[in-house]
Amino acid sequence: MIQAGKTLANPTKKPSLTPKAIIHQKFGDKACYKVEEVQDDSNQNGCPGLAIPQKGPSLYRCTLELPETTVVSKTCRRKKDAEQSAAEKAIEKLGIQLKEYNPTKEEAWNDLASRISFLFSNEFLPSLNPLSAHFRAALRREGHFKGCVPLSVLAIYDGKVSNICKYIDPMAESNSLLVMSLVLRAAAKLTDSVVISDKQLQRRNEYPLEILSSTNNESNLSESISIEVVTIPASLGKAVESVKLNFTAAGYYLDVIARELGMNEASDVIISRTIGKASSEMRIYSAAPKQLLCDQFEGTLNNRASYFAGQEIHGEAILASVGYTWRSTDLFHEAVSLRSYYRMLVNKIPSGAYKISRDAILAANLPSAFTTKSNWRGSFPRDILSTFCRFHYLSEPVFSTQSNSSDASLDLPGSRKKLKVTQSSKEEKTEAFSCEVKIYSKNQELILQCSPQETHRKQADAVQIAALKVLSWLNMFFENPNISSEKLNLLAENLDIHFTPRYFFKEFALCHSMHNNKAAENEPSLIDITGENSGATPSNGSLVCISYSVSLFREGDSIKEHLESCKEFEFEIGNEAVLPYIESAVAQMAIGQSAYFQVDLPSDEFILAAAVDSGSGLSLLSSRNCKMEYNITLLQVTEPLEERMEQAQFSPPLSKQRVEFAVQQIKESSAASLVDFGCGSGSLLDSLLSYPTSLEKIVGVDISLRALTKAAKLLHTKLNKLLESSSKIKYAVLYDGSITKFDSQLHGFDIATCLEVIEHMEEEEASLFGEVVLSCFRPKILIVSTPNYEYNVILQGCTTEDPDEKNQTQVCKFRNHDHKFEWTRAQFESWAADLAATHNYGLDFSGVGGAADVEPGFASQIAIFRRREDNLTSMESDNHYVPIWEWNRENIPPQGAMV
C-alpha cells in the first residue's frame, strides 16, 4: 500500500492552450482548416535499394485560411497534428503573443464578471455555441421566466466560467454548486446589465430587434416530439424506469425535465457533467438545493445517480441525452432506453468494458493474459483502462515505459520451463521494455500504481500487459463485494500493484452497492453435444471461432426471450477470454459440432444490458424461475503458433537457441559467406548480426515479397548501426526465388542455413530442396533444422492415460497449422543420411531444446552436412533469383560526410 501522506498534494498545472485553441480565440469561425492527404514515397520507407515498390504511409498537410493570411502546415501522420502545425505557423507568422492564464484571485473575480457580461451581450446571443442556444431558448420561456438562464447552465456549459472559478476556489473544479454560487456573487457586480432572480440570471434590457430577428427561425422543431429517458428513483428498492418526455420548439427543454422531477422550473434543476464520452449529451438531471451555499438538499442521497454522475445527487433523477451542440442550432436528442442504462452500468466494471467492446456481454470475459496482439480481440487493455478512468471521472492513466539493455540469454516473460542451453553467448545485448502505470484522481491524488518487474521485447506489449494487470486487480475488487483488505493487498502485491486505501476507497465507495454480483454456477448442469466428431478439437492457445445464441428461459412453461447472439465470435482457448462454462463446452467439441446447455443467471444488470427488449427481460426475471440457455456451434480452430508453444517451454526460446547453434558453427568454420534459404522476414540474419563473427557476406532467399520487404528494412537499419562497430559485414543481398531452384550466384558459399523451413513445404519439395542444395549450391556446411514430431507430446501436453503407450504421439497435432509435415527422429535421419551419401557430404545430428540422450530427444532436430571435397566443380551460369535489396559497405558514406 502507499501511505496517503506520500501522494502528490498539489493539483497538476493546467496545460497551456493549444495553437488551434489560440487561433479560435482570436478568429473564431473565420479560421478555415483544409486537410489533404499526401503520400511519402521517398527513400523507400527508409530502406534505400529496395526494388519492391512501396506505398508510403498516409501523411496529412493542412492549409489554414485566415482573414489576414494563409499558411500551410508541415506533413504530419495525423490530421489533428497537421491542424495544430498550421495553427502554430499562423501564430508565429502573425506574431501573436502567447500568455499563460494565471490570474490572482482579484483578477479572477474581475474576469468572471467580464465573462458573464459578455455572455449577456448582443455579440454572444447569435453565435453558434451550445450555451448561446440555451440563451435563445430562454427567450422562448413564458411569463416572468422569459430570458432567465439557470445558473446550472452557466456552470456546466461554459468552460471559461468554470476555469476562471478554479482560480477563485480550487474546489470549484469538481463542485458545480460552488461554481453557481461564485457566478451569483460575480453577477451581483453587474447590476446595470444583469438581473439576479433566485438561481438564474436575466439580461436587464431587451435585445435589439435585429439581434432577435436573426435567431427567430433557427429551429425545425415545430411539433412536439417524444424522447425516451430513464428515471432513477432515490430508493434502491424502486426500479429504474423508461418514460417519454415531450418537447417543443416553443418551450425550454429544461422546464420539461424540471416538471417531470416535480420542480417548478428549469432553475430548480442541477445538471451533471457528461456521462461517458465527452462529446455526448448524456447527463443526469436532479433537484437543486434550496440555497446554493448550504448544500441542504431535499430527499435522500440517490446512490445510483451519484454513481453515474460522479457527484452527489439527491432525490429523484433523470438520465437523458438531450441538449444543444456545436454542430447545429436545433435541439439534439437521442433515446435513452433501459438497455442503454444497464450497458452504461456494465461499462463501469473493467470486465464489463471489455464485454461491451466485443458486443458479447453474455459470452466474453476479460482475458487473464495478453499473449499476442494477433490473438487479442476487442479493445486493447490500455484503451479499456482509459475508458474505465473516464467513466469513473479519474485522470487519464499515466504510462511510463523504460528501455533496458539486457543479456539476451536472460529469460523474458512467457517462460515456464527453464532448460539449460549449451554454449550460450554472453556477448549479445537485446533491448527490453518495462512499463509503469499510475492512476490519479481529478485532484491528482495518487490512487494506485503498477510497477511490473518483468521486461518485454516489445514496448507495446509492456504497456498492454501493465494495463491488463491493473484491470485484472480492479476487476477482482468489483466482482467480490466481500473481499477483505488483507486479500485485496495480497492480490495487489502479486500483480506488482501498490494503492492508497484512503483515496482508492473514496473513489469507489459506491461500486459494491451498485453492482449486484450474484455468483452463478461455473459449470452447466448438462452439456448436450450433437454432430459428427471430426477429430479437429481445440487445445490451449488455439484461436477458435464459434457461433452462439443466448436466451432467457423460464422453467415450467418453456417461455424464452432472446438475449444475445453472434454468428462469428473468436477467442483464445486457455486465456479466460470467455465465461468459464462456454470454454468448458467448447473444449469438449470438434469442428462442426453444436452444444446446448443451461446455466444459472448472472447479475440482472448483464442480462438487461444484453437484452434487446429490456422490458420483456424484466418481466421474465421477475418470476425468479429462470435460467440462461446457450446454443453454441464450433466453426473453426486455428492451432497456436509454434513460436508461442516453444516460448512457453524454453528459455531462451528455441528460435534463439537455433541462432546460437548457427553462430557456433560459423565461429568453428571461420565462415566468411552465409546464405539463409527461406529467410522469411530476416529474423535469423538480423540475429546473427548481433554476434561478432567472421562473416563478410550474408544472403537471404525467400518467395514472399512481403517478408523480404520486412527483412530489407530490418537489415538496413541494423547494418547501418553497425558501421562504426567491429562488424566485418561488407555485403548483404536479398533474393526473390524458390529454394528448390538453383542460382549460380550462390554456388559454393561457406555456410548455408535452412532453419524451420522444410516443414512448410510438401515432403516431395523438401526432398527436392535437399537434392538441389547439395548437388548444385554445394555449400561447405549446410545446417537444416525441423521440428521433432515426437517432442509435441511435451509441447502440447497431449499424453494418453498410459504414459508407456507407444502410439501416444498419434494424438498430437502439428505445431503450426501451416506445417505440411513433421518428422520423427527416424524419418529425419533417414532423409538426411540418404542425401549425404548421395552427394558425398559428412553428416552429424544435433538439436536444441531437450537432450539427445533423454526421451523424446531434442525439440528441434538439426542435421549438419559437411562437404568432403575442397575443390568445387564450376557450374554454368543459371540465374533464377531476382535481387530485391542490396547493401554494400563501400557505397555507404562515412558518418558526417557530405552526400
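1. A cavity here is a set of points, on a 1 Å grid over the protein atoms alone, where a 1.4 Å probe fits but cannot get out, and its lining residues have an atom within 4 Å of a point. Keep in mind that this is a predicted model, where local features need pLDDT of at least 70, side-chain atom pairs count only at pLDDT 80 or more, and totals for chains, interfaces and linings use all residues. Residues are numbered from 1 along each chain as its sequence is written, and side-chain values use heavy atoms, with hydrogens and water left out.

2. Have a look at the second largest cavity. Its lining has 13 residues, with P367, N375, W376, R377 and A577 nearest the centre.

3. On to the rings. Phe, Tyr and Trp rings (the six-membered one for Trp) pair if their centres lie within 6.5 Å; planes under 30 degrees apart are stacked, over 60 edge-to-face, and the rest tilted. That rule gives 41 aromatic pairs. Y354 and W376 make an edge-to-face pair, because their ring centres are 5.8 Å apart and their planes sit at 65 degrees.

4. How buried are these two? Y354 is buried, with a relative accessible area of 1%, and W376 is buried too, at 7% (buried means under 20%, exposed over 50%, partly exposed in between, with a 1.4 Å probe and protein chains only).

5. W823 and F828 have ring centres 6.5 Å apart and planes at 35 degrees, so call that pair tilted. Both residues are buried.

6. There's also a cluster: ring pairs link F388, W473, F477, F478, F499, F504, F505 and F508.

Key
On a 1 Å grid over the protein atoms alone, a cavity is a set of points where a 1.4 Å probe fits but cannot get out, and a pocket is an open set with protein on both sides within 12 Å along at least five of seven lines; lining residues have an atom within 4 Å of a point.
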